[in-house]
Protein chains: 2
Amino acid sequence: MVTINPNSPVDEDLVKDKETAFAEFIQRRGLKTTRQRNTIISTFFRLKGHISVEELLVEVKKANPRIGYATVYRTLHLLVESGLVEERRFGDGLARYEGHSAVEHHDHMICLECGMISEFYNPRLEALQEHLAEENNFEIYRHRLELYGACKDKAACDTRKKQKEARAQGA
Amino acid sequence: MVTINPNSPVDEDLVKDKETAFAEFIQRRGLKTTRQRNTIISTFFRLKGHISVEELLVEVKKANPRIGYATVYRTLHLLVESGLVEERRFGDGLARYEGHSAVEHHDHMICLECGMISEFYNPRLEALQEHLAEENNFEIYRHRLELYGACKDKAACDTRKKQKEARAQGA
DNA sequence: TCGGTAATGAAAACAGTTTTCGTAATCCAA
DNA sequence: TTGGATTACGAAAACTGTTTTCATTACCGA
Ligand SMILES: [Mn+2]
Ligand SMILES: [Mn+2]
Ligand SMILES: [Zn+2]
Ligand SMILES: [Zn+2]
C-alpha cells in the first residue's frame, strides 16, 4: 500500500536512467533527439503521481514557454510506446500518465473527496484473476482494478481537499 | 461466468418491471412521461449486452425516426440516475450502458480480438478488495475490474471477429 | 555543410457528449 | 375540458480532450 508523497525528493539517478532508456528507444526507432523532447521527458520524470497533459504542459512551459501541447501529447505517446510510462484513466475524462512508481504493476484506490490516489499490489488478487480467466478459457494481457471511495481519516482527507481547492483557485 | 447471448429471447416481464420502475422514478422526480422516453427505454431494455448511444439510437429510430440523439443521451442519464442502468467505459472512447444483466454487480473480461465481453462475479475477489481497503483505511463505494485479453478458443473468437467486421461493413 | 527526413507549433479538425434555444407536448388546477 | 405554467423535444451550436494538418524549422548522417 503506497500513497505518493509529492514532497519527497526527486531521485536524480532514477531520472537519468529513464532519460537514457528513452534516448535508446529514440535511437532504436530511427527518430531524432530534440530539445523539446528532452525538456518534456526530463520535466515529466521529475514529477510525481498521476500527471495530466495539462499539468505537464504547465511545468514544461516554465522551462520553455514555446513548447505547445501537440508536442507534449506526441512525446507522451512515445513514452507509452517505449514502455517507460503508462496511461491511466480514472473516470474524470482525462488521461493521466505515470512513470516510475513505487511498485511496478499496481492497482489504485481513488478518494472521491480529496482526490488521493493510493497504489497497491496483492499477489493473491493477481492469482485469483488468473484463476478466473482460466476458468473462462481466457488469456489476460492486462487488467485494471480501481477502487473508488473515500479516506476513513476524515481530518487528513479534508486537509488534502482544501489544499486541492486552494491550488485550483490559484490556477 | 456469463457471456451474454444476444439471440436469447427477451424476458417481457422483466422489461415491464423496468418500464414500471422508470415510470415511478419519473413521477417521483416530478418529470413528464413522454412518447420519446417510452420508446427509448422500451427499446433499450429489449437490447442485450453493453449498448453504445449510437447502437441504441439506430434501434430507436426504427420505432421513431424523428427522435434525435440529444433525447437519447438525456434519457440514458435519467436511467443511470434512476439506478436502473449502469454506465461502462471499456477504453474504446465511448460510453456503454447496461440494464438488466445476468448477475447484479459484476466485473468484465474483454476480448481485444473479437470484442466479446464476459461478465463474472467472485465473492473471494470482492472480499479481498474489502480487506485491502480496510488495511489502507479506505472505504470503497464502488469499483471496476476489467480483464483485457483474448479468447483461448481461437475458432469461436475468429467467427465473432468476422461477424463483427461484417456488421461494421453493413453499417 | 548539405540535403533528406523527422519534428515543431499554431490552428484546424475530430469524436463523443452537452448545451442552447425556439417550438411543442404534458399535465394539473381551475 | 382547457389554460397555462412547466417540462421536453430536436436541430444545431458549443464544448472538451485529443489528433491531425501544414508550413516552417531542426536534426544528423554522408
Ligand atoms: Mn499508479
Ligand atoms: Mn456487464
Ligand atoms: Zn480522501
Ligand atoms: Zn475473442
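This is a predicted model: local features need pLDDT of at least 70, side-chain atom pairs count only at pLDDT 80 or more; totals for chains, interfaces and linings use all residues.
Is Cys151(A) buried or exposed? Its relative accessibility is 4%, so Cys151(A) counts as buried. The cut-off for buried is under 20%.

Next, select Cys114(A). Cys114(A) has 5% relative accessibility, so Cys114(A) is buried too.

**The zinc site**

Now show ligand 3, the zinc ion. Which residues coordinate the zinc ion? Colour Cys111(A), Cys114(A), Cys151(A) and Cys157(A). Each gives its SG atom, at 2.2 to 2.5 Å. Look at the angles among the 4 donor atoms: they run from 105 to 115 degrees, and the site is tetrahedral. Then trace the donors along the chain. Their spacing is C-x2-C-x36-C-x5-C. Cys114(A) sits in the loop between strand E5 (107-111) and strand E6 (117-120) of chain A, while Cys151(A) belongs to strand E7 (residues 138-151) of chain A. The two lie in parts 37 residues apart in sequence, so this pair ties those parts together.

**The open sheet**

Stay on chain A and switch to a cartoon view. Find the open sheet of 3 strands. Their order is E2-E4-E3, and the pairing is antiparallel. Which strands are at the edges? Select strand E2 (51-52) and strand E3 (86-89) of chain A; each of them pairs on one side only. Strands of a sheet pair through backbone hydrogen bonds. Select Ile51(A) and look across to E4(A). Tyr97(A) stands opposite Ile51(A).

**DNA strand C**

Move to DNA strand C. Around DNA strand C there are 23 residues. Which of them come nearest? Pick Lys32(A), Arg37(A), Thr71(A), Arg74(A) and His77(B).

Colour the helices next. Helix H2 (35-46) and helix H4 (69-82) of chain A, along with helix H4 (69-82) of chain B, each supply at least two residues of the surface near DNA strand C. H4(B) gives the largest share, 5 residues. By class, this surface has 9 nonpolar, 7 polar and 7 charged residues.

Now zoom in on single contacts. Start at Arg37(A): an N or O atom of its side chain is 2.3 Å from a phosphate oxygen of DNA strand C. Go on to Thr33(B), where a polar backbone atom is 3.0 Å from a phosphate oxygen of DNA strand C. Finish at Arg74(B). Here a side-chain N or O atom is 3.4 Å from a base oxygen of DNA strand C.

Last, step back to the DNA atoms. Of the atoms of DNA strand C within 4 Å of the protein, 67% belong to sugar or phosphate; the rest belong to bases.

Technical notes. Residues are numbered from 1 along each chain as its sequence is written. Chains are lettered from A and ligands numbered from 1 in the order in which they are written. Side-chain values use heavy atoms; hydrogens and water are left out. Two strands pair if DSSP finds at least two bridges between them. Helices (H or I, at least four residues) and strands (E, at least two) are DSSP runs, numbered from the N terminus. Donors are N, O and S atoms within 2.8 Å of the metal (3.2 Å for Na, K and Ca); water is not among the atoms, so sites may look incomplete. Four donors count as tetrahedral if all angles lie between 85 and 135 degrees; four count as square planar and six as octahedral if opposite donors are over 155 degrees apart and all others between 65 and 115; anything else is irregular. Buried means under 20% relative accessible area, exposed over 50%, partly exposed in between (1.4 Å probe, protein chains only). A residue is near a molecule or strand if one of its heavy atoms lies within 4 Å of it. A polar contact is a pair of N or O atoms within 3.5 Å; within protein, one must be able to donate a hydrogen and the other to accept it, and residues adjacent in sequence count only if both atoms are side-chain atoms. Ala, Val, Leu, Ile, Met, Phe, Trp, Tyr, Cys and Pro count as nonpolar, Asp, Glu, Lys and Arg as charged, and the others, Gly among them, as polar.
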